[in-house]
Amino acid sequence: MSEVKAGLGYTEEHEWAEAQGSSVVRIGITDFAQSQLGDIVFVELPEVGATLEANETMGTIESVKTVSDLFSPVSGTVVKVNEALLDSPEKVNEEPYGEGWIVEVEVSGDAAEAVAALLDADKYAEFIANK
């Protein structure tokens with residue numbers, strides 16, 4: 001069974017979001033997503049300063065099986081990318097909710113509200129249970 005962490009927001013595209021202070025949201029892919037992808041070998045990160053729209057592509061993630069788009073769960077501006085993934089993309093497999101985070105986005109409103117608008121842990125767990 002895939003780990004679903006309480007306190008995060010989730011999308012049906014299998015990204016998670018976590019408020020980091022009042023206006024920044026940290027984004028990654030879920031444990032379910034990394035287990036479906038298999039061994040991750042490359043992560044294409046957006047540029048710092050890029051403008052992201054909710055539910056739009058923000059990069060790609062490549063595994064030995066496939067290449068998948070990464071979707072931003074929130075709209076905002078990229079303020080930080082996890083450059084460690086450029087040399088160690090396997091961190092996404094090892095710690096999808098920790099060192100395997102992908103990007104941080106500054107939202108125009110309140111970060112906690114942006115995350116609360118997503119699926120909560122219970123709804124996401126129910127969603128993946130049907131996969």
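Here is a short tour, from the whole chain down to single residues.

**Before you click**

You're looking at a predicted model, where local features need pLDDT of at least 70 and side-chain atom pairs count only at pLDDT 80 or more, while totals for chains, interfaces and linings use all residues. Residues are numbered from 1 along each chain as its sequence is written, and side-chain values use heavy atoms, with hydrogens and water left out.

**Stop 1: the whole chain**

Starting at the N terminus, you'll pass them in the order β-β-β-α-β-β-β-β-β-α-α-β-α-α. The radius of gyration is 13 Å, close to the 14 Å that the globule rule gives for 131 residues, so the chain is as compact as a globular protein of that length. (That radius is taken over C-alpha atoms, and the rule is 2.2 Å times the number of residues to the power 0.38.) Along the principal axes, the C-alpha atoms fill a box of roughly 35 × 30 × 20 Å.

Now colour by burial: 47% of the 131 residues are buried. Buried means under 20% relative accessible area, exposed means over 50%, and partly exposed is in between, using a 1.4 Å probe and protein chains only.

Next, colour by charge. You'll find 7 positive and 26 negative side chains, where Lys and Arg count as positive and Asp and Glu as negative, leaving out His and the chain ends.

**Stop 2: the sheet**

Select β1, β2, β3, β9, β8 and β5. These six strands make an open sheet in the order β1-β2-β3-β9-β8-β5, with antiparallel pairing; two strands pair if DSSP finds at least two bridges between them. At the edges stand β1 and β5, each with a single partner strand, so one side of each has no neighbour in the sheet.

Zoom in on β9, residues 103–106. Four bridges join β9 to β8 (residues 76–81), running antiparallel, and Thr77 stands opposite Glu106. Four bridges also join β9 to β3 (residues 24–29), again antiparallel; here Arg26 stands opposite Glu104.

**Stop 3: Val107**

Which loop holds Val107? Select Val107 and you'll land in the loop between β9 and α4 (111–116). Val107 is buried, with a relative accessible area of 8%. Leaving aside neighbours within four places in sequence, Val107 is in contact (heavy atoms within 4.5 Å) with Ser23, Val25, Val74, Ser75, Gly76 and Ala114. Try the distance tool from Val107 to Ser2: the C-alpha atoms are 29 Å apart in space, and the two residues are 105 apart in sequence.

**Stop 4**

Most residues other than glycine have a negative phi. Now select His14, which has a positive phi of about 75 degrees although it is not a glycine. His14 lies in the loop between β1 (9–10) and β2 (15–20). Is His14 buried or exposed? At 15% relative accessibility, His14 counts as buried.

Finish at Asn55, in the loop between β5 (51–52) and β6 (57–63). Asn55 isn't a glycine either, and its phi is positive, at about 70 degrees.

Note on methods:
Helix = DSSP H or I, 4+ residues; strand = E, 2+ residues; numbered from the N terminus. Charge placed at Lys NZ, Arg CZ, Asp CG, Glu CD.
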